[in-house]
Amino acid sequence: MSAHFPKDQEFMLPVTGTFISLSLLVALLLNWLPLHGLWLALRPDFVALVLLYWCTHKPHRVGIGIAWAVGIFSDVADATLFGQHAIAYTVLAFGGIMLHRRVQMFDVREQSMQVFPLLLISYGVYVAVHWQMHNFVAWEYFLGSLTSALLWVPMTALLQTLRRPRSNPNEL
Amino acid sequence: MDSTRSFRFFNRGPSPAARLVFFALLSLLLLFVDARYKYLESTRRVLSIVVQPLQRMTTMPGVVWQEVSGYFATQSNLIRDNAALNQQHHMDAAQLLQLQILQAENAQLRKLLEVEQRSSYPMQMAEIVYIERDIFRRKVFVNKGSNSNILAGQVVMDDTGIVGQVTRVFPWLSEVTLITDKDHAVPVQVLRTGLRAVVFGSGDISNLALRYMPISSDILPGDVLVTSGLDGTYPPGLPVAKVGKIERDAAYPFARIACTPIAGVDQQRQLLIVSGLPKLPDLPAEADSQTLEKSRKSKRRMP
C-alpha cells in the first residue's frame, strides 16, 4: 500500500536553508570538474538537476530568483556571456514550479520521464542563445540532457535519504 | 482591500509567470549588454574572486593524483627519461651554437641593410589550471594573471609553436583562446613561398582551416605555415600549422585546405606567454577616412 503513495508524503525532516545551499554548492563543484571532449558532452548538468529537485519538491523555498542567481555564478565560472546560464535555469525553474504537483504524482522512475522535456527545453534555450551569438551549434551538447534525466533517479534517492530522519519515527 | 478579489491566505509575491518574464528579460538585457558593449568585465572580475577558489578546489583531486603518481614514478622511468633528455640537450646545444652564430650574422646584415632589428621576446612560463567546460569553445585558463603583468592580447606558445592568445585577464588567472577556437584567426604565411593567408580555427580539437585561398594558389600538402606578424599581435616567424588535405574543386571559388596545428594545442600543460612585443606603427586610418570623406563630398558636389 505504501508503495502507492507519492514519495513526498513520507515523513521528512524540515529543510533548512543551509541544506539547500550546500546541495547547490556541491552541484556547482561537480559541474566545474575539469572534464573535456566527449566526457564534457556526456556530463549531466548537476546544478540544473538539483535546482529542478528543489523547484519541484519545495517550490516556495527555491524559485526562479535563486535559479537566476545560480545561473549568474555559472556564467562567471564558465566565462560564458552574462545571462546565458541564467536564462536557461530561469526557464527550467519556471517549468519545475509549474509542473511540481504533476511531477510529485509519479514515482521516481516515472518522474525522470517528466523531467527530461524540461531539461531539454533548458538546454535548448542555452543553445539558442549561443547560436544567436556565434552562429554555431554543437549538437552533442544535447547528450547532457539525456544523462541528466538518467541521473534524476539516483540524485532524488540521495537527497530524499538525506532528508529522512535518522531514527524511525514509528518505533517508540 | 478590494472585496472583489479572492482572499489569499498566504502572500507569495508575484506569480511564477511574472517572475519568469522579469528574470528572462533581465538575462536578455545582460546578454545584450555583455555581448555588445563589454561593460560587465569589472563585475565579472569581482564575482570571479568568489568563484575561482571554489573552481581551484575542483581541480584538486587531479592535482593530488598527479603528485602522488609523480612521487611513485619508477626509477627505470626516471633513468630512461634522463638519458633521453640528456641526448636532446646535447643536440639542442649544438643547434643553439649555430643559432647564435646565425643571430649575430643576421644582426650584422640587418644593420648593414638598415632594417629595424628583430628583438627577442621575454617569456613567462604558465601552467594550465583548467580547461573550458563549454563544449562550444576551445579555451584554457592558466595560472598567471594581472598580478604577473599578463595583458590581454599576449601570445601563448609552447616549445613547438603557437598555441593561442590571452583574451581575458583575471587577478590570478587568465583565459587563453586556442587557435582551434571557432572565432579565432591567425595571419600566416607559407614558409616555402611566402604566400600570405589567414588560418581559422574550426572548433574541432585538431583542425584548422585556411580559407579564402584561390584554387590556383601555390600550396602543397606538408607546407609549413608560420605567423606573418602583420596583425601586430603575433610575432613573425613562429610555426602555426602544417597543411594537410587540399581540395581544389573548380565549382567553388576557393580551395578547401585543412591544416593541423604544429603545437600540441590540447596536450601541453606548461605554456609560454610572450610579453613585450614591439608595437607596430599606428595605421594612418584617420587621414584615410578624412580624404575619403573629402573625395565623397567632392563627388557629391559634382552633379
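The model is a predicted one.

**Exercise 1. The two chains in outline**

Task: State how many helices and strands chain B has, and describe the make-up of chain A in the corresponding terms.

Solution. 
Step 1. Chain B has four helices and twelve strands.
Step 2. Chain A has eight helices and zero strands. Its pattern along the sequence accordingly reads α-α-α-α-α-α-α-α.
Step 3. Burial is considered next. Of the 172 residues in chain A, 40% are buried. In chain B, which has 303 residues, the buried part is 24%.
Step 4. Contacts are then sorted by separation in sequence. In chain A, 67% of the contacts with a separation of 6 or more are between residues 24 or more positions apart. In chain B, 55% of the contacts between residues at least 6 apart join residues at least 24 apart.

**Exercise 2. A helix pair in chain A**

Task: Determine how helix H7 of chain A packs against helix H8 of chain A, and which residues make the contact.

Solution. 
Step 1. Two packed helices are described by the angle between their axes and the distance between the axes.
Step 2. H7(A), residues 108-134, and H8(A), residues 143-163, pack at an angle of about 140°, and their axes are 8 Å apart. H7(A) is therefore oblique to H8(A), because angles over 145 degrees are needed for roughly antiparallel.
Step 3. The crossing of H7(A) past H8(A) is right-handed.
Step 4. On the H7(A) side, the contact residues include A:Val115, A:Phe116, A:Leu119 and A:Tyr123. On the H8(A) side, they include A:Ala149, A:Trp152, A:Val153 and A:Ala157.
Step 5. Sorted by class, this contact has eleven nonpolar, six polar and one charged residues.

**Exercise 3. Where chain A meets chain B**

Task: Identify how many residues of each chain are in contact, and which elements of chain A give two or more residues to this side.

Solution. 
Step 1. The contact joins 37 residues of chain A with 36 residues of chain B.
Step 2. In chain A, the elements that give two or more residues are helix H2 (38-42), helix H4 (64-78), helix H5 (84-98) and H7.
Step 3. The side of chain A that touches chain B has 25 nonpolar, ten polar and two charged residues.

**Exercise 4. The barrel of chain B**

Task: Give the order in which six strands of chain B close into a barrel, and follow some of the pairings.

Solution. 
Step 1. The order is E1-E2-E5-E4-E3-E12 (chain B), with antiparallel pairing. From one strand to the next, the twist averages 45°.
Step 2. E3(B), residues 155-157, pairs with E12(B), residues 270-274, over three bridges in the antiparallel sense. Here B:Val155 is opposite B:Val274.
Step 3. Helix H2 (residues 41-71) of chain B packs on the sheet and touches E1 (123-131), E4 (162-170) and E5 (173-178) of chain B. The direction of H2(B) makes about 75° with that of E1(B).
Step 4. E1(B) is antiparallel to E12(B), with five bridges between them; B:Ala126 is opposite B:Leu271. E1(B) is also joined by three bridges to E2(B), residues 139-142, where B:Tyr130 is opposite B:Phe141.

**Exercise 5. Strand E6 of chain B**

Task: Which residues form the covered face of strand E6 of chain B, and with which strands does E6(B) pair?

Solution. 
Step 1. In a regular strand the side chains alternate between the two faces of the sheet.
Step 2. In E6(B), residues 185-190, the covered face has B:Val186, B:Val188 and B:Val190. The uncovered face has B:Ala185, B:Pro187 and B:Gln189.
Step 3. E6(B) pairs with E7(B), residues 196-201, over five antiparallel bridges, and B:Val188 has B:Ala197 as its bridge partner. Five residues lie between these strands in their hairpin, where B:Gly194 takes a positive phi near 80°.
Step 4. E6(B) is also joined to E9(B), residues 224-227, by three bridges in an antiparallel arrangement. In this pairing B:Gln189 is opposite B:Val226.

Methods. Residues numbered from 1 in each chain as written. Chains lettered and ligands numbered in written order. Predicted model: local features only at pLDDT ≥ 70, side-chain atom pairs only at ≥ 80, totals over all residues. Axes fitted to C-alpha atoms, helices over the stretch in contact; angles between N-to-C directions. Parallel < 35°, antiparallel > 145°, perpendicular 65-115°, else oblique. Left-handed = near helix turned anticlockwise from the far one by under 90°. Contact = placed C-beta atoms within 7 Å. Nonpolar A, V, L, I, M, F, W, Y, C, P; charged D, E, K, R; others polar. Pairing = 2+ DSSP bridges. Buried ≥ 20, exposed ≤ 12 C-beta atoms within 10 Å, placed from the backbone.
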